Amino acid sequence: MSSARAGKLAELAAEIHDCRRCPRLVAWREAEAADPPRRYRGEDYWARPVSGFGDPAARILIVGLAPAAHGANRTGRMFTGDRSGEWLYAALHRAGLANQETSEHRDDGLKLSGAWITAAVRCAPPANRPTPDERDKCLPWTVRELELLTDVRVVVCLGGFAWGASLALLGAHGERSRDGVSIAALRPRPRFGHGTELAAGRYTMLGCFHPSQQNTFTGKLTAPMIDAVLVRARELADLRDPGPRLPA
């Protein structure tokens with residue numbers, strides 16, 4: 001079953017990589033690849049939509065904002081090649097969800113156990129600000145992804161944009177509150193906060209500040225804060241014992 005699921009996720013990834021639904025994002029991702037900063041000149045940029053990454057048997061789904069222009073848009077893997085990824089994967093390693101703390105390129109040996117990483121938008125957006133329309137055009141990809149990740153029980157939302165996208169995702173997935181209301185239609189709309197939990201049908205949504213440089217450099221997000229969120233995610237997902245690290 002795991003092998004079949006991995007194959008279907010790979011097929012979905014191939015479809016995502018060919019997506020050109022958002023002209024603004026297509027133009028931006030390709031323009032950034034054509035004129036990169038000096039430190040990345042000469043590198044072969046991915047410059048396509050970025051698919052999800054991780055364990056097909058994941059019980060924790062981590063939702064980010066979008067690829068960074070010179071991070072995942074360069075390397076082709078979620079949260080890889082930038083400071084946000086350094087923070088996130090180091091935290092996942094401490095939580096026993098990754099076999100190593102670094103994430104530099106697609107062939108660096110990184111593996112996840114119990115977790116899958118995706119994003120609300122699959123292409124790098126100008127100023128890291130995708131539009132609501134671009135988010136909505138990406139939503140069907142994430143719905144299909146979640147349909148294949150049948151073991152997921154916890155959705156960790158990295159920031160307010162990912163929180164809103166996850167409400168839409170679980171609503172489109174058919175999840176309802178204890179009162180029978182679609183998760184996407186809840187009013188007042190559940191507000192994002194670091195450590196906030198929301199029962200969403202068969203899932204629990206869990207808020208976490210995004211590991212952006214703006215948040216980590218200012219101390220808005222600290223290592224103990226993100227560690228606490230991932231420990232809680234493990235508990236909610238019934239992954240209480242991290243166990244031994246995977247071999248590198």
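**Reading cysteines, a helix, cores and rings**

Guide: C22 is buried, with a relative accessible area of 10%, and since this is a predicted model, that value is computed from predicted coordinates.

Visitor: How many disulfides does a search of the whole structure find?

Guide: As a general idea, a disulfide is a covalent bond between the sulfur atoms of two cysteines. In this structure the search finds zero disulfides. C22 is in none, the nearest cysteine sulfur being that of C138, 5.9 Å away, whereas a disulfide requires the two sulfur atoms to be within 2.5 Å. C123 is likewise in no disulfide, with the sulfur of C138 as its nearest, at 6.2 Å, and C123 is buried, at a relative accessible area of 8%.

Visitor: How should I read helix α4, and which of its residues are buried?

Guide: An α-helix has 3.6 residues a turn, so residues three or four places apart point the same way. In α4 the buried residues are S84, G85, L88, Y89, A90, A91, L92 and H93, and they pack against β1 (53-54), β2, β3, β4, α7 (213-218) and α8. At 1.5 Å a residue, the twelve residues of α4 should span 16 Å, and the C-alpha atoms at its ends are 17 Å apart, which agrees. Just after α4, G96 takes a positive phi of about 80 degrees.

Visitor: Which residues have the most contacts inside the largest nonpolar core?

Guide: That core has 32 residues, and those with the most contacts inside it are I60, I62, Y89, L92, I117 and V156. At least two of its residues come from each of β2 (60-64), α4 (83-94), β3 (115-119), β4 (154-158), β6 (203-208) and α8 (223-236). Another core, of 22 residues, lies apart from it and includes L149, W163, L169 and Y203. To return to I60, its contacts beyond the neighbours within four places in sequence include L97, W116, V156, A233 and L239.

Visitor: How many aromatic pairs are found, and how are the rings of W163 and F192 arranged?

Guide: The search of the whole structure finds two aromatic pairs. The rings of W163 and F192 have centres 6.0 Å apart and planes at 65 degrees, so this pair is edge-to-face. It links distant parts of the chain, since W163 belongs to helix α6 (residues 160-172) and F192 to the loop between α6 and β5 (197-200), 29 residues apart. W163 counts as buried at 2% relative accessibility, whereas F192, at 25%, counts as partly exposed. Together with F209, W163 and F192 form one aromatic cluster.

Visitor: Which residue lies over the face of F209?

Guide: K220 does, at 4.7 Å from the ring centre, and R77 lies over the face of F53, at 4.9 Å from the ring centre.

Conventions: Residues are numbered from 1 along each chain as its sequence is written. This is a predicted model: local features need pLDDT of at least 70, side-chain atom pairs count only at pLDDT 80 or more; totals for chains, interfaces and linings use all residues. Side-chain values use heavy atoms; hydrogens and water are left out. A nonpolar core is a set of buried Ala, Val, Leu, Ile, Met, Phe, Trp, Tyr and Cys residues joined through side-chain atoms within 4.5 Å. Buried means under 20% relative accessible area, exposed over 50%, partly exposed in between (1.4 Å probe, protein chains only). Helices (H or I, at least four residues) and strands (E, at least two) are DSSP runs, numbered from the N terminus. Contact means heavy atoms within 4.5 Å. The expected span of a helix is 1.5 Å times one less than its number of residues. Rings of Phe, Tyr and Trp (its six-membered ring) pair if their centres lie within 6.5 Å; planes under 30 degrees apart count as stacked, over 60 as edge-to-face and the rest as tilted. A charge sits over a ring if NZ of Lys or CZ of Arg is within 6 Å of the ring centre and within 35 degrees of the ring normal.
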